Amino acid sequence: MSSSHDVKDDAPDRIGPDTTRKPSVGDRLRQVGRAFTTKDGLIGNYDYAFLFRPNIPFMKKERRAAPFFGLHARMPVLLAMLLGFQHALAMLAGIITPPIILSSSANLEGNLQAYLVSTSLIVSAILSSIQITR
């Protein structure tokens, strides 16, 4: 039989309130300090070649699994910044494109088109902050 210490925090059979000790402010500051001052915290052991090497069709290459991070796993700072920048660029296309398409199909003036684009950016920022802090 396994003891209660063997059960992981995110196990599906765990029901009830979380009774583990919450990290103090000092603990969190030490974690942030380690993330920015150690090689493991900044770069980690992630396979960056997998991230930057394109998949060219019909080229013979070794087959390998994609690197994966769990829900509560620590991610290197550099990787988080790269993936966050990639997400921001991809998100901008989805936010800016609909107002441009709608304003061009309605034959609206350029300044009104710019107003719609900036309105969609502001609304998405407000709604993202609401979703993040819920």
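**Pockets and a nonpolar patch in close-up**

**View A. The second largest pocket holds about 170 Å³ of space.** This is a predicted model, in which local features need pLDDT of at least 70 and side-chain atom pairs count only at pLDDT 80 or more, while totals for chains, interfaces and linings use all residues. Residues are numbered from 1 along each chain as its sequence is written, and side-chain values use heavy atoms, without hydrogens or water. A pocket is an open set of points on a 1 Å grid, where a 1.4 Å probe fits, with protein on both sides within 12 Å along at least five of seven lines, and its lining residues have an atom within 4 Å of a point. Phe-50, Asn-55, Lys-61, Glu-62, Arg-63 and Arg-64 form the lining here, which divides into one nonpolar, one polar and four charged residues.

**View B. The largest pocket has a volume of about 370 Å³.** Of its 16 lining residues, Ala-35, Asp-40, Gly-41, Arg-74 and Met-75 are the closest to the centre. Helix H1 (25-37) and helix H2 (39-42) each supply at least two lining residues, helices being DSSP runs (H or I) of at least four residues, and the largest share, five residues, comes from H1.

**View C. Val-32, Phe-36, Leu-42, Ile-43, Phe-52, Leu-78 and Leu-82 make a nonpolar surface patch of about 610 Å².** Such a patch joins nonpolar side chains within 5 Å, from residues with over 30% relative accessible area and no salt bridge (a side-chain nitrogen of Lys or Arg within 4 Å of a carboxyl oxygen of Asp or Glu). H1 and helix H4 (77-105) each give two or more residues to the patch.

Note on methods
Grid points are joined across faces, edges and corners, and a volume is the space filled by probe spheres set on the points. Ala, Val, Leu, Ile, Met, Phe, Trp, Tyr, Cys and Pro count as nonpolar, Asp, Glu, Lys and Arg as charged, and the others, Gly among them, as polar. Patches are made of residues with over 30% relative accessible area and no salt bridge: like charges are joined within 9 Å, nonpolar side chains (Val, Leu, Ile, Met, Phe, Trp, Tyr) within 5 Å. Accessible areas come from the Shrake-Rupley method with a 1.4 Å probe; for residues, only the protein chains shown count as cover.
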